[in-house]
Amino acid sequence: MKTNFFTYWLILCLLPILSSCEKEEEGDLIWDFSTRSIMLKVVNASGQNMLDESTTNGWKAEDISATYKDESYLCTIVDEPLYQPQSDIPTRYLPAFMLGLRTSTEKQNRILYFGDFTPTNNYKDTPITFHWPDGTTTTITFDFYITWKSKKDPVVTFKCYLNGKELPQDKGVITIQK
């Protein structure tokens with residue numbers, strides 16, 4: 001009788017514990033997404049970098065500008081074009097700072113950088129117009145957004161277009177011919 005009583009008592013005690021072993025929902029995940037700049041290499045018909053002043057009819061970077069959201073940005077030459085201002089607040093959040101149009105102090109192999117942008121702002125068909133020293137313009141549109149396959153599976157899309165055609169990127173750099 002004691003054995004039966006003990007068995008029933010054990011079952012009664014364990015039953016609530018075992019019945020609460022359902023998988024609990026996980027809390028919200030906080031995702032950190034890297035910011036990006038539009039990176040352009042501008043070449044002539046011979047493939048020479050137009051931002052290299054030693055190129056025949058090469059351009060001075062300071063004579064280039066860009067228009068984005070009705071604001072004009074003159075190209076600035078900086079030591080580190082991908083510099084991110086640091087915050088005193090300890091966080092993993094990577095905010096996008098509009099750094100405008102910039103290039104490096106390096107005279108050869110110069111690349112233009114415009115941005116920064118974050119995919120959390122869901123950019124779709126967003127235009128940037130570049131104004132070149134020869135009086136012409138080039139408008140590039142871009143998409144930079146997140147598609148969620150599931151709560152744990154975000155897909156970040158970054159694409160740039162010229163005249164509706166997707167531009168190929170080599171390590172994030174878009175080459176256009178002028």
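# Close-up views of a predicted chain

**View 1. A salt bridge joins Asp 116 and Arg 102.** The closest N and O atoms of Asp 116 and Arg 102 are 3.3 Å apart; a salt bridge is a side-chain nitrogen of Lys or Arg within 4 Å of a carboxyl oxygen of Asp or Glu. Asp 116 lies in strand β6 and Arg 102 in strand β5 (residues 101–104), so the pair ties together parts that are 14 residues apart in sequence. Strands (E, at least two residues) and helices (H or I, at least four) are DSSP runs, numbered from the N terminus. Both Asp 116 and Arg 102 are buried, where buried means under 20% relative accessible area, exposed over 50% and partly exposed in between (1.4 Å probe, protein chains only). A search of the whole structure finds one salt bridge.

The model is predicted: local features need pLDDT of at least 70 and side-chain atom pairs count only at pLDDT 80 or more, while totals for chains, interfaces and linings use all residues. Residues are numbered from 1 along each chain as its sequence is written, and side-chain values use heavy atoms, with hydrogens and water left out.

View 2. Along the sequence, the pattern is α-β-β-β-β-β-β-β-β-β-β-β. The chain has 178 residues, of which 34% count as buried. Of the contacts in the chain with a separation of 6 or more, 54% are between residues 24 or more positions apart; contact means heavy atoms within 4.5 Å.

**View 3. Trp 59 and Trp 132 form a stacked pair.** A search of the whole structure finds twelve aromatic pairs. Rings of Phe, Tyr and Trp (its six-membered ring) pair if their centres lie within 6.5 Å; planes under 30 degrees apart count as stacked, over 60 as edge-to-face and the rest as tilted. The ring centres of Trp 59 and Trp 132 are 5.4 Å apart with the planes at 20°, so the pair is stacked. The pair links distant parts of the chain, 73 residues apart: Trp 59 is in the loop between β1 (36–43) and β2 (65–68), and Trp 132 is in the loop between β7 (123–131) and β8 (137–150). Trp 59 is buried at a relative accessible area of 7%, and Trp 132 is buried at 4%.

**View 4. Phe 117 and Tyr 123 meet edge-to-face.** Their ring centres are 5.2 Å apart and their planes are at 80°, so the pair is edge-to-face. Phe 117 counts as buried at 1% relative accessibility; Tyr 123 is buried with a relative accessible area of 11%. Phe 117 and Tyr 123 belong to one aromatic cluster, whose members include Tyr 68, Tyr 73, Phe 114, Phe 130 and Phe 142. Trp 59 and Trp 132 are also in this cluster.

**View 5. Ile 38 and Phe 114 have the most contacts inside the largest nonpolar core.** This core has 28 residues. A nonpolar core is a set of buried Ala, Val, Leu, Ile, Met, Phe, Trp, Tyr and Cys residues joined through side-chain atoms within 4.5 Å. At least two residues of the core come from each of β1, β2, β6 (112–117), β7, β8, β9 (153–162) and β11 (173–177). Beyond its neighbours within four places in sequence, Ile 38 is in contact with residues including Leu 112, Phe 114, Ile 128, Phe 158 and Ile 174.

**View 6. Charged ends sit over two rings, those of Phe 158 and Tyr 145.** The charged end of Arg 36 is 3.8 Å from the centre of the Phe 158 ring. The charged end of Lys 124 is 4.6 Å from the centre of the Tyr 145 ring. A charge sits over a ring if NZ of Lys or CZ of Arg is within 6 Å of the ring centre and within 35 degrees of the ring normal.

**View 7. Asp 52 is buried yet has no salt bridge.** Asp 52 is in the loop between β1 and β2. The nearest side chain of opposite charge, Arg 110, is 7.8 Å away; Lys and Arg count as positive and Asp and Glu as negative, with His and the chain ends not counted. Leaving aside neighbours within four places in sequence, Asp 52 is in contact with Gly 58, Lys 107 and Gln 108.
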